[in-house]
Amino acid sequence: MSFTQHLVQKYQHEWQQTQQHPFVQELGRGTLDRNKFRFYMIQDYLYLIDYAKLFALGAIKAPDLTTMSEFSASLSNILHEEMGIHRSYAARFGITKEELEQAEPSPITLAYSHYMLHVAQNGGLAELTAALLPCMWSYWEIGRMLKEFPGAVDHPDYGEWVRGYSSDEFGQHAQWCISLMDQLAVGKSESELARLETIFLNTTRYETLFWEMSYQQQMWL
Ligand SMILES: Cc1ncc(CN)c(N)n1
């Protein structure tokens with residue numbers, strides 16, 4: 001069994017929680033409150049600014065030009081395609097680019113993005129990849145799951161989101177990330193693998209917390 005298969009099997013409960021969260025399910029059924037989605041879009045845009053930096057750090061830490069190019073391609077995809085979807089939603093929801101970038105991050109957005117950046121800056125490439133893997137992989141899983149919901153891809157509000165995360169292009173970046181994790185795990189000691197597992201578990205849990213934070217529109221108390 002590959003390392004990544006082992007991860008989703010071992011943390012099946014936490015992995016499923018990302019897909020079964022009411023925010024995700026209601027998005028797929030088209031019943032999600034537009035204010036919750038608006039809140040999510042703004043927070044996710046802020047999150048993506050830091051998340052993109054992880055890929056820049058990945059290019060710096062890459063051991064060869066092929067890996068460096070992949071990180072650079074994923075970085076470009078986030079800045080132009082993924083954040084492009086957010087900008088298009090912002091326009092539809094009457095939010096300007098300046099408002100988007102100057103919005104205040106919620107406690108969970110701060111905690112999640114700072115945790116990822118901490119791991120990426122202080123660890124090696126394997127730790128960095130373990131931190132970003134749940135973000136890429138769980139969104140791809142969710143995109144493919146929601147694509148099967150009746151009418152989800154054509155929904156006037158949420159269809160663009162579902163099409164983006166179930167697209168072949170996004171899938172290729174996610175698959176590359178999965179195979180990179182498997183390659184980097186080869187030859188690692190028990191204790192190194194345990195550390196990667198913990199990072200994967202932490203960011204998987206942060207994914208569910210991010211859905212919950214958006215569902216509840218949680219800011220500071
Ligand atoms: C919180 C979160 N996690 C992951 C993704 C997918 N890149 C995202 N847009 N936002």
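Q: How far does a polar side-chain atom of E82 lie from a nitrogen atom of the ligand?
A: For a polar contact, look for a pair of N or O atoms within 3.5 Å. Here, a polar side-chain atom of E82 is 2.8 Å from a ligand nitrogen. Keep in mind that this is a predicted model, where local features need pLDDT of at least 70, side-chain atom pairs count only at pLDDT 80 or more, and totals for chains, interfaces and linings use all residues. Residues are numbered from 1 along each chain as its sequence is written, and side-chain values use heavy atoms, leaving out hydrogens and water.

Q: Which distances do D44 and Y139 show to a ligand nitrogen?
A: For D44, an N or O atom of the side chain is 2.6 Å from a nitrogen of the ligand. In Y139, a polar side-chain atom lies 3.1 Å from a ligand nitrogen.

Q: How much of the ligand does the protein bury?
A: Accessible area comes from the Shrake-Rupley method with a 1.4 Å probe. Alone, this ligand exposes 290 Å², and the protein buries 100% of that.

Q: Which residues are around the ligand?
A: A residue counts if one of its heavy atoms lies within 4 Å of the molecule. The shell is D44, Y47, L48, Y51, E82, C135, Y139, Y165, E207 and F210.

Q: What classes do the shell residues fall into?
A: Seven are nonpolar, none polar and three charged; Tyr and Cys count as nonpolar, Asp and Glu as charged.

Q: Which cavity does the ligand take up?
A: On a 1 Å grid over the protein atoms alone, a cavity is a set of points where a 1.4 Å probe fits but cannot get out; lining residues have an atom within 4 Å of a point. The ligand takes the space of the largest cavity, whose volume is about 70 Å³. M136 and F170 are among its lining residues.

Note on methods: Polar contact = N/O pair within 3.5 Å; in protein donor to acceptor, adjacent residues only side chain to side chain. 1 Å grid on protein atoms, 1.4 Å probe; cavity = no way out; pocket = protein on both sides within 12 Å on 5 of 7 lines; lining within 4 Å. Sits in = over half its atoms within 2 Å of the grid points. Points joined across faces, edges and corners; volume = space filled by probe spheres on them.
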